[in-house]
Amino acid sequence: MVLRLRLLAKAISRTSTYHRLMSCSANISGKVERMVDNDEKKITRVLFCGPHFPASHTYTREYLKEYPFVQVDDVPLDDVPGVIQNYNICIVKTMKFDSNLLSRAEKMKLIMQYGVGLEGVDIDSATKFGIKVARIPSHVTGNAASCAEMAIYLMLGLLRKQNEMQIAIKQRKVGDPIGDTLLGKTVFILGFGNIGIDLAKRLRPFGVKIIATKRSWATHSLVSCLSNVQNGPVNDLVDEKGGHEDIHKFASKADIVVCCLCLNSDTVGVVNKPFISSMRKGSLLVNIARGGLLDYEAVLYYLESGHLGGLGIDVAWTEPFDPDDPILKFCNVLITPHVAGVTEYSYRSMSKVVGDVAIQLHEGRPLTGIEFVN
């Protein structure tokens with residue numbers, strides 16, 4: 001009898017211990033689940049829209065590999081509307097952000113471009129939904145410098161094309177003095193911002209005359225821009241300055257016009273028929289800013305008429321540009337696929353800006369290194 005009581009007591013003890021262990025295990029499991037939930041809430045999520053320019057998200061991930069609390073995802077354009085509510089920062093790239101899409105971005109704090117152009121973002125709607133919008137200033141990342149170099153590449157290429165055409169139609173003989181040089185040319189920089197400044201710096205050694213227009217020279221930021229000017233003030237880079245009202249007059253003086261404007265409601269289609277008709281016959285047009293600055297029908301018309309001596313563009317009206325577009329049939333047209341700012345240096349620099357901003361947002365610090373537009 002005593003033995004049975006002892007065995008029963010041991011069984012009861014084991015059962016009690018089991019229940020205590022199970023209870024403890026459940027408590028631990030609950031704590032782990034709560035910890036996972038809390039960790040999830042502590043992650044700052046960055047969304048890159050679309051597959052284009054893959055180095056942008058690849059380099060950003062590399063920069064942030066030591067920061068596990070920042071998650072970087074790249075999502076196909078068609079999938080963005082279905083996931084955007086999960087992200088805190090969005091890099092738009094070529095994605096269009098209208099009011100409907102922005103209304104889904106419940107956790108979004110910042111929309112920014114991996115570069116400068118924000119024409120695809122409805123900034124008023126973003127402001128309405130409490131979302132800040134920003135760009136990465138081109139003068140601090142090397143983007144402006146590489147765009148300026150692309151402009152010169154297109155200018156030189158067009159000058160040589162022009163020479164070849166003159167030889168082909170017997171206006172010039174092989175061995176004659178050639179005109180495919182920048183020396184002595186007048187270059188009109190339409191929009192004297194950061195790219196315009198870097199372009200002027202690089203054109204000076206070619207012996208050109210530089211004329212430029214800007215809406216307001218008085219508001220030109222010497223602090224932000226002169227850090228990129230090593231050979232004296234901005235004024236020393238330009239031989240003749242004008243305002244937006246002077247663009248037709250300046251176009252009539254130039255051998256080459258280079259478009260460096262930002263695209264907005266005031267500048268869309270600014271290079272139109274009246275503008276191109278005011279250019280000298282045979283002069284060259286280069287655009288390394290945004291395709292929408294040029295009126296397509298006007299450009300096509302003046303290429304066909306022969307008034308426009310050549311067209312060099314890194315940006316197009318639609319991208320990717322239709323390879324069967326009539327403009328590409330002209331031998332005096334050079335086009336590159338929106339790669340002026342795509343360099344190792346500029347992309348690494350911009351990935352650092354994006355990464356730093358993500359860390360700052362996560363830690364609740366002021367966001368630096370970007371330029372807010374709202």
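Guide: Let's settle one term before we start: a helix axis here is a line fitted to C-alpha atoms over the stretch in contact, and an angle runs from 0 to 180 degrees between N-to-C directions. Keep in mind too that this is a predicted model.

Now to the crossing itself. Helix α2 covers residues 55-63, and its axis comes within 8 Å of the axis of α12, the two crossing at roughly 55 degrees. The crossing is right-handed. On the α2 side, the contact is made by A55, S56, Y59, T60, E62 and Y63. Facing them from α12 are E344, Y347, R348, S351, K352, V354, G355 and D356. Sorted by class, that contact holds 5 nonpolar, 4 polar and 5 charged residues.

Let's pick one residue out of that contact and stay with it. S351 sits in helix α12, which spans residues 344-363. Is S351 buried or exposed? Its relative accessibility is 3%, so S351 counts as buried. Setting aside residues up to four places away in sequence, S351 touches Y59, T60, Y63 and Y114. Of these partners, Y59, T60 and Y63 belong to the α2 side of the helix contact.

The partner of β2 is β1 (residues 44-49): the two run parallel and are joined by 6 bridges. In one of these pairings, T44 has V70 of β2 as its bridge partner.

Helix α7 takes in residues 194-203, and it packs with α6 at an angle of about 55 degrees, the axes being 8 Å apart. These two helices are therefore oblique to each other, and α6 passes α7 in a right-handed crossing. From α6, the residues involved are A144, A145, C147, A148, E149, A151, I152 and M155. They meet N194, I195, D198, L199, R202 and L203 of α7. By class, this contact divides into 10 nonpolar, 1 polar and 3 charged residues.

The sheet that goes with this pair is an open one of 7 strands, with parallel pairing and the order β8-β7-β6-β9-β10-β11-β12. Its edges are β8 (240-242) and β12 (333-335), each with a single partner strand, so one side of each lacks a neighbour in the sheet. From one strand to the next, the twist averages 15 degrees. At the β8 end, 3 bridges join β8 to β7 (residues 209-213), and those strands run parallel. There, T213 stands opposite G242 in β8. Helix α7 packs on the sheet too, touching β6, β7 and β9, and its direction makes about 165 degrees with that of β6. Helix α6 lies across β6, β9, β10, β11 (310-313) and β12, running at about 150 degrees to β10.

Strand β10 (residues 284-287) deserves a moment. Both of its faces are covered: L284 and V286 on one side, L285 and N287 on the other, are all buried. Strand β9 (residues 256-259) runs parallel to β10, and 4 bridges join them. V258 stands opposite V286 in β10.

One last stop, in the loop between α6 (143-168) and β6 (186-190), where you'll find D180. Its relative accessible area is 10%, so D180 is buried. Leaving out neighbours within four places in sequence, D180 is in contact with L159, R160 and N163. The C-alpha atoms of D180 and L156 are 7.1 Å apart, although 24 residues separate them along the chain.

Notes: Residues numbered from 1 in each chain as written. Predicted model: local features only at pLDDT ≥ 70, side-chain atom pairs only at ≥ 80, totals over all residues. Heavy atoms only, no water. Buried < 20%, exposed > 50% of the residue type's maximum accessible area, 1.4 Å probe, protein only. Contact = heavy atoms within 4.5 Å. Left-handed = near helix turned anticlockwise from the far one by under 90°. Nonpolar A, V, L, I, M, F, W, Y, C, P; charged D, E, K, R; others polar. Pairing = 2+ DSSP bridges. Parallel < 35°, antiparallel > 145°, perpendicular 65-115°, else oblique.
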